[in-house]
Amino acid sequence: MTKPSAPILEGQNLVKHFWVKQGRGPFARRAPIRAVDNVSIRLDAGKVTALVGESGAGKTTVGRLLAQVVRPDAGRVLLDGKPAPAGRPRSYAAQVQMVFQDPFASLNPVHRVRHHLARPLQIHGFGTGDVDAAVADLLRRVALKPPDQFASKFPHELSGGQRQRVAIARALAVRPHVLIADEPVSMLDVSIRLGVLNLLADLRDEERLAILYVTHDIASARYLADTISVMYAGQLVESAPSERLTDSPAHPYTQLLLSAAPDPDRPAPPHLAGRGAPPSLLAPPSGCRFHPRCPYAMDICKRQAPPSVTVADGHVSACWLHVDAAQRTSSENGVPVGAGSHIDKEKQKR
Ligand code: SF4
């Protein structure tokens, strides 16, 4: 068996709570929004990892934690196996770049494309040679041709897809190893989404970038990603190679997401009627956070958070359905099989 290579960027047991004031006057108190609770994720060279979930699931916060835009309350971020430096120093930003949802807001409307691409080259010390040639090269890499014509345009003269390509080119200017793309196509016209997804796929294949693709759209995650991780209410609930996850979803929440995105090319998941909405992260449900919406919820689901269970090679699901009845009973009786623990069913079979 070949040893798996080390990830380029890794988040281990990340926790991030945002504190908000509730109530007024003497009764006011501060309460945490549990945006991210104990999330571990890895990004590998030449691979796209998709982070999927409904709005408010904590996906964007995980991306920002990995980019070091916000600091975790607990857990750690490792870049090339070493703890990420505090803050977001230039050396870290050069290796881990972000692409945002709204390409228009991320480009200054008063500057031409050339300025947007030349500036990071100069800031990071790559602008000592022929800057125009470097800008043209960046534009070619994101398929904006002829480059001279695009370099002289203002953002408002470009389509949404072209603006997002400029934003990606700007991220590439500093020669990163990791790209964190937060809903990069959700604001684009359906007709041009595919072009941007294909560009990300080319960057993965040809430049071996490690890409985190944050999205609410599990269909596009299946199209682009090598691995999909699913988040619900601040926690990871399932992770697997993308075809495996979409063909054989093991977690009821993933089944719910897939039943809302039918695809004639894959087996139909069990149909789950839309049951309720995601919970408030100010007071998430006890036990499994999905239990108020889950058609399979058992008593233990309301009391104890499920362990993560390896249900197949590389396929992990945090759900009590994958724990034997005997183990569930012993857990109820105080033997610790619960949140934070891990059961490897593949090893148990051997
Ligand atoms: Fe449903 Fe229980 Fe599994 Fe949660 S742990 S998804 S409530 S069966």
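The following is a short exchange about a predicted model.

Me: What kind of model is this, and how are residues numbered?
Reply: It is a predicted model in which local features need pLDDT of at least 70, side-chain atom pairs count only at pLDDT 80 or more, and totals for chains, interfaces and linings use all residues. Residues are numbered from 1 along each chain as its sequence is written, and side-chain values use heavy atoms, with hydrogens and water left out.

Me: How many helices and strands does the chain have?
Reply: The chain has 13 helices and 13 strands, taken as DSSP runs (helices H or I, at least four residues; strands E, at least two) numbered from the N terminus.

Me: What box do the C-alpha atoms fill?
Reply: Along the principal axes, the box is roughly 70 × 60 × 40 Å.

Me: Changing topic, is helix H10 mostly covered or uncovered?
Reply: H10, residues 252–259, is mostly covered, with eight of its eight residues buried (under 20% relative accessible area, 1.4 Å probe, protein chains only).

Me: What covers H10?
Reply: The cover includes strands E3 (48–52), E9 (227–232) and E10 (235–241), and helices H8 (218–224) and H9 (242–247), where contact means heavy atoms within 4.5 Å.

Note on methods. Buried means under 20% relative accessible area, exposed over 50%, partly exposed in between (1.4 Å probe, protein chains only).
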